[in-house]
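Please have the sequence and the model open as you read.

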Amino acid sequence: GVTVGAREPSEVESQAMLALYNLCKVNKARQEQAAGAGIVSPLMRLIACNSPLRQLAIPLLCDLVHAGEVSRRHLWKQDGLAFYLRLLELKYWQSTALNCVAVWIGASDQDALPPLEQVLLRPESITTLVATVADADADAAATLLPPLARILQCKNLNRILGQTSLVTHLLRKLTHPEAVVRKTSIELIQAMYERSEDPRAFISSFDLLAVLARLVESEESRLVQEQARVLLRAMHINALI
């Protein structure tokens, strides 16, 4: 976890953190400079010990992944990707943390991607990602599913997640009041289906032909209905081959 007990920060610590936060808040060059000067580890410590200063430390740590390659290199040295995943335990920061993971994946070339994917494939990472979607309420789902879709670019992670209860949790999101969430849920299921080692087993395990057929019949949103129809057609073709 990321909380192990707190102590009150000194006045000097509070002033220093506030100054760093204000200096770096909207300035990527300063964020990279701060990362090079060794800010990553102290920020992680403030967050992990549940310091009152973590309300400044978390957004600053999350900004670093957006700042550039230098910052990401320093984050990597401190197991920063795993730290972002642990931030998913904090409800308020879930969307920000998952977006950090997606940004890091999206900013990495083919050579840099495999080590990142190995972190995401750790059993505790898989458990955290699935639990985050499972526990997401209606408001959270709207902000969590889009970055998850970008993370599923990682082929091996995609395949492994397709063998978990993630699909079941996404199917439950098909009753979400927002059409965009229902549509994204179908897109995520489609992404995992397309990477599945056994597409027919994937279809039958989750009774997807029946689920999608019902959705095509009952869905009010044309966009969601069309997304379901396209996937249903592809699955029917697979079932016939």
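Helix α2 spans residues 28-36, and its buried residues include Gln 31, Ala 34 and Ala 35; buried means under 20% relative accessible area and exposed over 50%, with a 1.4 Å probe and protein chains only. These residues lie on the same side of α2 because they cover an arc of only 100° around the axis, taken from the directions from the helix axis to the C-beta atoms. This is a predicted model in which local features need pLDDT of at least 70, side-chain atom pairs count only at pLDDT 80 or more, and totals for chains, interfaces and linings use all residues. Residues are numbered from 1 along each chain as its sequence is written, and side-chain values use heavy atoms, with hydrogens and water left out.

**Around α2**

- On the other side of α2, Ala 29 and Gln 33 are exposed.
- The buried residues of α2 pack against α1 (11-24), α4 (54-67) and α5 (69-77), where contact means heavy atoms within 4.5 Å.

**Where α3 meets α4**

- The axes of α3 (residues 40-48) and α4 come within 9 Å and cross at roughly 140°.
- Val 40, Leu 43, Met 44, Leu 46 and Ile 47 of α3 make the contact with Arg 54, Ala 57, Ile 58, Leu 60, Leu 61 and Leu 64 of α4.

Definitions and conventions
Helices (H or I, at least four residues) and strands (E, at least two) are DSSP runs, numbered from the N terminus. Axes are lines fitted to C-alpha atoms, for helices over the stretch in contact, and angles run from 0 to 180 degrees between N-to-C directions.
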